[in-house]
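This briefing goes through one protein chain, from its overall fold to a few individual residues. Please look at the sequence and the structure before reading on.

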Amino acid sequence: QVQLVESGGGLVQAGGSLRLSCAASGRTSSYAMAWFRQAPGKEREFVAGIIWSGRITRYADSVKGRFTISRDNVKNMVYLQMNSLKPEDTAVYYCAADYSVHYKSYPGSNENEYDNWGQGTQVTVSS
């Protein structure tokens, strides 16, 4: 099974930026990928998704205009650029892959659509 490893989390002040990376141990070029997050005491929620080609992306309303998801299929990497961070963005961020469907035309936002997960990386935004 392909392993996903997130990195790039940390502590940042409100208004700052972070770039999360997700490294896959195997090929991911034909699969949709996504980022989810889980804040303390809350359920895991969808943040952003991207289809296999990178041409179509999808964002949660709470991050639109601030976060950008991208991918490099040669390097088997997925990224999440996070700008204008807010304290409410504090959470553990997870990378996920949907290995059930090749060449999906639109990234799903339901965590049940993703069957491979990383261990997560902590993002803390101070006010």
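The points below cover the fold, the surface, the disulfide and one arginine.

The model is predicted: local features need pLDDT of at least 70, side-chain atom pairs count only at pLDDT 80 or more, and totals for chains, interfaces and linings use all residues. Residues are numbered from 1 along each chain as its sequence is written, and side-chain values use heavy atoms, with hydrogens and water left out.

**Fold and dimensions**

- The protein chain has 0 helices and 11 strands, where helices (H or I, at least four residues) and strands (E, at least two) are DSSP runs numbered from the N terminus.
- With a radius of gyration of 13 Å, close to the 14 Å of the globule rule for 127 residues, the protein chain is as compact as a globular protein of that length. The radius is taken over C-alpha atoms, and the rule is 2.2 Å times the number of residues to the power 0.38.
- The C-alpha trace spans about 40 × 25 × 25 Å along its principal axes.
- Among contacts (heavy atoms within 4.5 Å) with a separation of 6 or more, 60% are between residues 24 or more positions apart.

**Surface and charge**

- Of the 127 residues, 47% count as buried; buried means under 20% relative accessible area, exposed over 50%, and partly exposed in between, with a 1.4 Å probe and protein chains only.
- Carbon and sulfur atoms hold 46% of the accessible surface of about 6400 Å², an area from the Shrake-Rupley method with a 1.4 Å probe.
- There are 13 positive and 11 negative side chains, and the centres of the two sets lie 7 Å apart. Lys and Arg count as positive and Asp and Glu as negative, while His and the chain ends are not counted; the charges are placed at NZ of Lys, CZ of Arg, CG of Asp or CD of Glu.

**Disulfide**

- The count is 1 disulfide, defined as a pair of cysteine sulfur atoms within 2.5 Å.
- Cys-22 and Cys-95 form this disulfide, with 2.1 Å between their sulfur atoms.
- The pair links distant parts of the chain, 73 residues apart: Cys-22 lies in strand β3 (residues 18-24) and Cys-95 in strand β9 (residues 91-98).
- The S-S torsion of Cys-22 and Cys-95 is about -80°, so the disulfide is left-handed.
- Both Cys-22 and Cys-95 are buried.

**Arg-66**

- Arg-66 sits in the loop between β6 (57-59) and β7 (67-72).
- Arg-66 is buried, at a relative accessible area of 10%.
- Leaving aside residues up to four places away in sequence, Arg-66 touches Gln-81, Met-82, Asn-83, Ser-84, Leu-85, Lys-86 and Asp-89.
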